[in-house]
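Please open the structure in the viewer and keep the selection panel at hand.

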Amino acid sequence: MRGTRAHKVDGNQRIIVEALKRAGCEVFVTSAFGDGYPDITARRRGSTDLPRFIEVKAAKGKLTAAESRWCAMLGPLYSIARTPAEALRQMGFDVLEKQP
């Protein structure tokens with residue numbers, strides 16, 4: 001694929017992947033695919049649901065043009081996660097927020 005390059009891995013990706021695995025998800029780290037492809041492909045273990053394609057972003061990170069194209073193509077299967085709690089909710093888990 002022309003113009004393909006892997007981007008930097010956001011620092012929060014590891015903890016998001018760990019949280020999804022602990023919750024029982026099958027998780028494939030796809031950030032090395034490059035060209036805006038989502039960072040994580042995941043589904044609940046034993047589920048017949050389609051997988052979710054999760055783009056990991058830092059607190060103030062924005063989508064690149066290539067990531068926006070994947071978002072448009074994947075529609076409701078695509079989501080952005082900045083925290084483990086966001087990723088878990090996107091996978092259909094009930095997550096309680098910590099109270100200050």
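**First stop: strand β3**

Select β3 and display its side chains: Arg52, Ile54 and Val56 point one way, Phe53 and Glu55 point the other way, and all are buried. Here buried denotes a relative accessible area under 20%, exposed denotes over 50%, and partly exposed lies in between (1.4 Å probe, protein chains only). Strand β3 is thus listed as mostly covered, with 5 of its 5 residues buried. In a regular strand the side chains alternate between the two faces of the sheet.

The model is predicted: local features require pLDDT of at least 70 and side-chain atom pairs count only at pLDDT 80 or more, while totals for chains, interfaces and linings use all residues. Residues are numbered from 1 along each chain as its sequence is written, and side-chain values use heavy atoms, with hydrogens and water left out.

**The whole chain**

Next, colour the protein chain by secondary structure, which comes to 3 helices and 4 strands. Helices (H or I, at least four residues) and strands (E, at least two) are DSSP runs, numbered from the N terminus. Along the sequence the pattern reads α-β-β-β-α-β-α. The protein chain has 100 residues, of which 37% count as buried. Its accessible surface comes to about 6500 Å², and 58% of that belongs to carbon and sulfur atoms; the areas come from the Shrake-Rupley method with a 1.4 Å probe, and for residues only the protein chains shown count as cover.

**The sheet**

Select the strands together. They form an open sheet of 4 strands in the order β1-β2-β3-β4, with mixed pairing. Strands β1 and β4 (78-81) stand at the edges with a single partner strand each, so one side of each is left without a neighbour in the sheet. From one strand to the next the twist averages 30°. Two strands are taken to pair if DSSP finds at least two bridges between them.

The pairings may be followed in turn:

- β1 and β2 run antiparallel and are joined by 5 bridges; valine 29 has isoleucine 40 in β2 as its bridge partner.
- β2 and β3 pair in the antiparallel sense over 3 bridges; threonine 41 has phenylalanine 53 in β3 as its bridge partner.
- β3 and β4 run parallel and are joined by 4 bridges; glutamate 55 has isoleucine 80 in β4 as its bridge partner.

**The helices on the sheet**

Which strands does helix α1 (residues 13-22) lie across? Helix α1 lies across β1, β2, β3 (52-56) and β4, and runs at about 155° to β1. Helix α2 also packs on the sheet, where it touches β3 and β4, and its direction makes about 135° with that of β4. Axes are lines fitted to C-alpha atoms, for helices over the stretch in contact, and angles run from 0 to 180 degrees between N-to-C directions.

Now select valine 29, which lies in strand β1. Valine 29 is partly exposed, with a relative accessible area of 45%. Neighbours within four places in sequence aside, valine 29 is in contact (heavy atoms within 4.5 Å) with Gln13, Val17 and Asp39.

Move to glutamine 13, whose place is in helix α1. Glutamine 13 is buried, at a relative accessible area of 6%. Residues up to four places away in sequence are not counted, and glutamine 13 touches Val29, Ser31, Asp39, Ile40 and Val56.

**The aromatic cluster**

Display Phe33, Tyr37, Phe53 and Trp70, which form one aromatic cluster. Rings of Phe, Tyr and Trp (its six-membered ring) pair if their centres lie within 6.5 Å; planes under 30 degrees apart count as stacked, over 60 as edge-to-face and the rest as tilted.

How many aromatic pairs does a search of the whole structure find? The search finds 3 aromatic pairs. The rings of phenylalanine 33 and tyrosine 37 have centres 5.3 Å apart and planes at 40°, so this pair is tilted. The rings of tyrosine 37 and tryptophan 70 have centres 4.8 Å apart and planes at 80°, so this pair is edge-to-face. The latter pair links distant parts of the chain, 33 residues apart: tyrosine 37 is in the loop between β1 (25-29) and β2 (40-44), and tryptophan 70 is in helix α2 (residues 65-74). Tyrosine 37 counts as buried, at 16% relative accessibility.

**Last stop: aspartate 35**

Finally, select aspartate 35, found in the loop between β1 and β2. Aspartate 35 has a positive phi of about 55° although it is not a glycine. Aspartate 35 is partly exposed, with a relative accessible area of 24%.
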